[in-house]
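Please look over the model below before reading on. My notes follow as numbered points.

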Amino acid sequence: MLLLEDVAVGYSGGKAGGRVVAGGIGVGLRRGEMACLVGSNGVGKSTLLRSICFLQRPLAGRVVVGGRDMAALSRRERAAMVSIVLTTVDRDLTLTAEEVVALGRSPFTDCWGRMTARDREMVWRAMECVGIDGLAGRRMCSLSDGERQKVMIAKALAQQSPLMLLDEPTAFLDFNSRVEVLSLLRRLSREEGTTVLFSSHDLQPSLWLSDRVWLLGDDGSLSEGSPRDLADSGLIGSLVAHNGIAFDAESMSFRFLG
């Protein structure tokens, strides 16, 4: 479903002539797989996610989604292939939850944004699937952080894109809400066949629930494998060791050193 071929991401132009954040990335995901993108702060996780969906163009290489080269697609065609949920949600947004989810149908509506009966059905189906149909008439500014995040996931689901990207979907949530959101994403991958790639610093639940882990190193390289593969290789442990936390590969758990 997702294939990156020798991809480099970063920033072009400027007085410094641009900067490569990560390069030589060759990795893929199958339909219905859920992968967690991990790495230190500022290493380029958000840049990679934004480059996959072409919110910013990769500096090199090819991004292929569902067998289609993203560089050859129009913006509307890309939106039909990939949905993205970004870190921040405007807490003062006065649109209702249903109106926000309906925005996910934008790639399929006419120039006036008019929805068909099928579009409305997809909106309600997405809300029911995520479990927020009871919030339909509530304004976003009245919802909790966890509820707002679920609305944004429902919006992405309403796009019916085969690939869903999420940048820190559990940021600002309490522990129970974090596990609930990650469990929801796992269910969507299993039941809806959606391929899910999300960045996260919540390593413990992410390792428990993900099929694959993408570890973006400080040197810009990307290591990929199952949670068990990366645990046994020592890569997960090396990611957190300098923060005073020990990782036990056998139990896949973390503990403070002092």
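1. Arg148 is found in helix H5, a helix being a DSSP run of H or I of at least four residues, numbered from the N terminus. At 6% relative accessibility, Arg148 counts as buried (under 20% relative accessible area; exposed is over 50%, partly exposed in between, with a 1.4 Å probe and protein chains only). Its side chain makes a polar contact of 2.5 Å with that of Asp145. A polar contact is a pair of N or O atoms within 3.5 Å; within protein, one must be able to donate a hydrogen and the other to accept it, and residues adjacent in sequence count only if both atoms are side-chain atoms.

2. A word on the basis. This is a predicted model, where local features need pLDDT of at least 70 and side-chain atom pairs pLDDT 80 or more, while totals for chains, interfaces and linings use all residues. Residues are numbered from 1 along each chain as its sequence is written, and side-chain values use heavy atoms, without hydrogens and water.

3. How do H4 and H5 pack? Helix H4 (residues 117-130) meets helix H5 (residues 145-158) at about 135°, with the axes 8 Å apart. Axes are lines fitted to C-alpha atoms over the stretch in contact, and angles run from 0 to 180 degrees between N-to-C directions. The two are therefore oblique to each other (under 35 degrees is roughly parallel, over 145 roughly antiparallel, 65 to 115 roughly perpendicular, the rest oblique).

4. The H4 side of this contact (heavy atoms within 4.5 Å) is Met122, Ala126, Met127, Cys129 and Val130. H5 supplies Lys150, Ile153, Ala154, Leu157 and Ala158. By class, nine are nonpolar, none polar and one charged.

5. H5 also packs on helix H6 (residues 175-191), with axes within 11 Å and a crossing of roughly 15°. That makes H5 roughly parallel to H6. Lys150, Ile153 and Leu157 of H5 meet Glu180, Val181, Leu184, Leu185 and Leu188 of H6. This contact has six nonpolar, no polar and two charged residues.

6. Helix H1 (residues 45-52) is largely enclosed by the rest of the structure, because six of its eight residues are buried. They are Lys45, Thr47, Leu48, Leu49, Ser51 and Ile52. Just after H1, Phe54 takes a positive phi of about 65°.

7. Arg68 lies in strand E5 (residues 68-69). Arg68 is partly exposed, at 35% relative accessible area. Beyond its neighbours within four places in sequence, Arg68 contacts Val63, Leu73, Glu77 and Met81.

Conventions. Nonpolar A, V, L, I, M, F, W, Y, C, P; charged D, E, K, R; others polar.
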